[in-house]
Amino acid sequence: MSSSRRWRNLGIAAGATAAVLLAAFDLYQWAAAFASDHFHNDFTFYFAAARIGLNHGWHSIYDLGLQQAELDAIRSRIGVAQLARYISPPPVAWLALPFTFVPYELAYWLWSALLLAALAGTWYLAAPGAGRVRVVHLAAAVAWIPVIYGLQLGQPGIFVAFGVAASYALVRSGRPFLGGIALGAIVLKPQLAFLVPVALLAGGRFRAFAGAAAAIGALALASAINVGTDGIAAYQQRLTFAASVAVNRELTLAPYIGDLTVTRVLQVAIAIWALALAYRFRKRSAEWLYVTALVGGMAASPYLHIDDFVMLGLAGWLYLRTSDRPAWSWAFVLAMFIAIEGITVWGPLPLITGELAALALLSVSALKHHDRDAKHHGAEGEDDAGLERDREHLAVDRQRESIDQRAGPA
């Protein structure tokens with residue numbers, strides 16, 4: 001066995017040991033937190049909102065008085081407060097509805113099982129490497145604070161991550177419209193991946209964008225019909241209030257800029273920057289579009305909590321799947337992982353700096369080897385059956401005109 005391979009195996013073994021131990025500790029902490037207080041999580045509010053919709057009509061799910069009544073009914077001992085209220089889109093309450101037919105404690109663990117399944121699906125579809133390396137990535141994910149915190153709270157961010165991972169896998173495998181449909185999961189927590197559909201459009205994945213527009217549009221329309229004008233007005237009030245709560249902006253650029261208007265302008269500029277990169281990556285493999293949209297979207301998001309950074313973990317996995325990245329870039333991904341893991345110790349500045357540095361590195365990559373990327377990647381995974389038959393026909397007839405000139409990227 002060569003020395004380099006021996007050191008690689010030792011590194012994998014050390015990483016696996018640390019990841020498994022930390023994951024076991026985190027799972028223990030999760031169980032201990034639930035044992036000490038069954039209701040100290042966000043699933044409690046999804047459960048309460050679903051009960052309101054069932055018993056009082058879906059237009060009432062944002063009624064704070066009814067929320068308090070349902071919280072009292074399940075003996076939560078929670079009082080509605082700044083950060084203790086249901087402000088999620090209606091589909092989150094719809095998703096929680098089946099769980100209201102069993103006792104709350106069982107409902108929580110069934111919901112948690114669904115989240116764990118979504119995490120496993122995200123890992124299966126997006127994690128890089130093979131064999132033991134992939135298993136280490138799964139253990140590391142459970143050991144990572146955004147993931148375990150999201151699981152403890154019952155947050156739907158992991159469902160959004162699974163939807164984006166499924167979208168990537170479907171686009172990559174040549175089923176772009178279905179890949180767009182998978183992005184319907186974004187409606188559960190829009191601020192986590194709002195740039196992904198637009199980046200697909202900027203990157204020339206038109207069928208994927210059409211699928212996303214259809215799914216998100218249908219769910220948005222169904223939500224509006226479901227809650228009615230009164231529910232929409234109440235939801236807007238809840239969102240306006242949430243935007244005014246400083247703690248909801250602590251992990252964004254806002255505390256460092258000071259002026260909220262200037263912050264919003266900068267966040268829009270970052271989003272445009274990311275979309276410009278997506279356009280530049282339009283002839284590269286799908287990973288580049290998703291990574292750019294996720295990193296840029298998180299940097300531009302106006303409202304974030306620690307559990308939301310699961311999306312940067314997904315971006316890191318997808319980036320490590322690319323074949324034309326710098327050899328040292330895994331170290332940058334690891335540094336971002338550590339910056340987020342220690343965010344409660346040193347604050348969000350290293351993370352925000354890392355997000356902007358990641359966009360800068362993506363910009364450098366976007367400016368390199370563009371012609372070569374166009375030749376090798378083209379509309380990878382996007383050609384439909386008709387174009388494939390055209391390609392075969394041209395080969396038989398020895399015609400040399402380029403299919404890309406006629407079809408362009410999908």
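Arg77 is placed in the loop between helix 3 and helix 4, where helices (H or I, at least four residues) and strands (E, at least two) are DSSP runs numbered from the N terminus. This is a predicted model, in which local features need pLDDT of at least 70 and side-chain atom pairs count only at pLDDT 80 or more, while totals for chains, interfaces and linings use all residues. Residues are numbered from 1 along each chain as its sequence is written, and side-chain values use heavy atoms, with hydrogens and water left out.

Although Arg77 is not a glycine, it has a positive phi of about 60 degrees. Most residues other than glycine have a negative phi. With a relative accessible area of 72%, Arg77 is exposed; here buried means under 20% relative accessible area, exposed over 50%, and partly exposed in between, with a 1.4 Å probe and protein chains only. Arg75 lies in the loop between helix 3 (64–73) and helix 4, and for Arg75, which is not a glycine, phi is likewise positive at about 60 degrees. Arg75 is exposed, its relative accessible area being 67%.

Concerning the chain as a whole, the protein chain has 21 helices and 0 strands, and 49% of its 410 residues count as buried. Among the contacts between residues at least 6 apart in sequence, 76% join residues at least 24 apart, a contact being taken as heavy atoms within 4.5 Å.

Two helix pairs can be described through their axes, which are lines fitted to C-alpha atoms, for helices over the stretch in contact, with angles that run from 0 to 180 degrees between N-to-C directions. The axes of helix 13 (residues 260–280) and helix 14 (residues 286–300) come within 8 Å and cross at roughly 175 degrees. Helix 13 and helix 14 are therefore roughly antiparallel to each other, given that angles under 35 degrees count as roughly parallel, over 145 as roughly antiparallel, 65 to 115 as roughly perpendicular and the rest as oblique. On the side of helix 13 the contact is made by Gln267, Ile270, Ala271, Ala274, Leu277 and Ala278, and on the side of helix 14 by Leu289, Thr292, Gly296, Ala299 and Ala300. These residues divide into 8 nonpolar, 3 polar and no charged, where Ala, Val, Leu, Ile, Met, Phe, Trp, Tyr, Cys and Pro count as nonpolar, Asp, Glu, Lys and Arg as charged, and the others, Gly among them, as polar.

The axes of helix 5 and helix 7 (residues 145–153) come within 9 Å and cross at roughly 150 degrees, and helix 5 and helix 7 are therefore roughly antiparallel to each other. Helix 5 contributes Tyr108, Ser112, Leu115, Leu116 and Leu119 to the contact, and helix 7 contributes Val147, Gly150, Leu151 and Gln152. This contact of helix 5 with helix 7 comprises 6 nonpolar, 3 polar and no charged residues.

Aromatic rings were examined next. Rings of Phe, Tyr and Trp (its six-membered ring) pair if their centres lie within 6.5 Å, and planes under 30 degrees apart count as stacked, over 60 as edge-to-face and the rest as tilted; by this rule the count comes to 21 aromatic pairs. One of them is the tilted pair of Phe43 and Tyr104, with 6.0 Å centre to centre and 35 degrees between the planes. This pair links distant parts of the chain, since Phe43 is in helix 2 (residues 43–56) and Tyr104 is in helix 5 (residues 104–126), 61 residues apart. Phe43 is buried, with a relative accessible area of 0%, and Tyr104 at 5% relative accessibility also counts as buried.

Charged groups over rings were also found, a charge being said to sit over a ring if NZ of Lys or CZ of Arg is within 6 Å of the ring centre and within 35 degrees of the ring normal. The charged end of Arg134 sits over the ring of Trp123, 4.9 Å from its centre, and Arg282 lies over the face of Tyr279, at 4.0 Å from the ring centre.

Ala48, in helix 2, counts as buried at 3% relative accessibility. Ala48 and Gln67 are 19 residues apart in sequence and 6.4 Å apart in space, C-alpha to C-alpha, and, not counting residues up to four places away in sequence, Ala48 touches Glu70 and Leu71. Leu95, found in helix 4 (residues 90–96), counts as partly exposed at 30% relative accessibility. Leaving aside neighbours within four places in sequence, Leu95 is in contact with Trp111, Phe159 and Leu188.
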